Amino acid sequence: MTPRHQPRPASRWRRLNIVAAIAVVVASGMVVISAVFLVPHTSTMDSAPDPTDLAGNAVQFDGPGPNPSASATPSGTGRFQSPSVDLDVPLGSLDVVDNELEPPGFTSAYWVRNLGVAPSDGADGTVFVVMHSLRNGGQAPGNALIDVDNGRARISTGASIVVDDVLYKVVNTETVDKTQISHDQSVWADTPGRLVVITCLQRPDGSPSTDNMVIEAMRG
């Protein structure tokens, strides 16, 4: 798909190059985090709907978008809340399909249905949640969780995260190189009462992300 640019006067989003934070690819039994490239373009209410970020900025995939079958419920299955960073967004759900797992939108968090356990079963295993963050001014759920300038998590140890009305407390945050995360067994461990949230750690210079931010929490 060829990106489209339609200039809009006085738009602070004009000519931004936005890169979505997370696409999870499962291959050979391992999970790999990679990037999906996006560019924004303006749209009108009469045009075909396009993905938008939390600020309402329309974005468009540079290349094929997510497989619709991989994301049957993009929102509406609950809420993902992190009060300390003022994050409160819909909690969708998605599957690994054809060895790929890609969040379909930029305003929701998504728990992974066929990796770990469902939020309702969180006492028995790890709930995995993925979400986009955006670079160069984009606003997606993951942006609230990362401190781009300092290259670390914005959410602190001890902070609360609520997933579908279940309370967790952050116990650890770490930056993991995207080329290494598939081999990090500590990330993918299925542990009772555990939550793992993954988004991309964006870079201060606006260049493509090379690291993932992994936030680990335990049921409170």
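**Exercise 1. How many helices and strands are there in the protein?**

Solution. The model is predicted, so local features need pLDDT of at least 70 and side-chain atom pairs count only at pLDDT 80 or more, while totals for chains, interfaces and linings use all residues. Residues are numbered from 1 along each chain as its sequence is written, and side-chain values use heavy atoms, leaving out hydrogens and water. Counting DSSP runs from the N terminus, with H or I over at least four residues for helices and E over at least two for strands, one finds one helix and 14 strands.

**Exercise 2. Describe the barrel and the pairing of β11 with β12.**

Solution. Begin with the order of the eight strands, β4-β5-β7-β8-β13-β14-β12-β11, which form a closed barrel with mixed pairing, where two strands pair if DSSP finds at least two bridges between them. From one strand to the next, the twist averages 35 degrees, taken between N-to-C directions of lines fitted to C-alpha atoms, on a scale from 0 to 180 degrees. Then take β11 (residues 160-163) and β12 (residues 166-177), which are antiparallel over four bridges, with V162 opposite L167 in β12.

**Exercise 3. Is A109 buried or exposed, and which residues does A109 touch?**

Solution. First locate A109 in strand β7 (residues 109-116). Its relative accessible area is 0%, so A109 is buried, a term for values under 20%, with exposed meaning over 50% and partly exposed in between (1.4 Å probe, protein chains only). Next, setting aside residues up to four places away in sequence, the residues in contact with A109 (heavy atoms within 4.5 Å) include F80, V89, V129 and M131.
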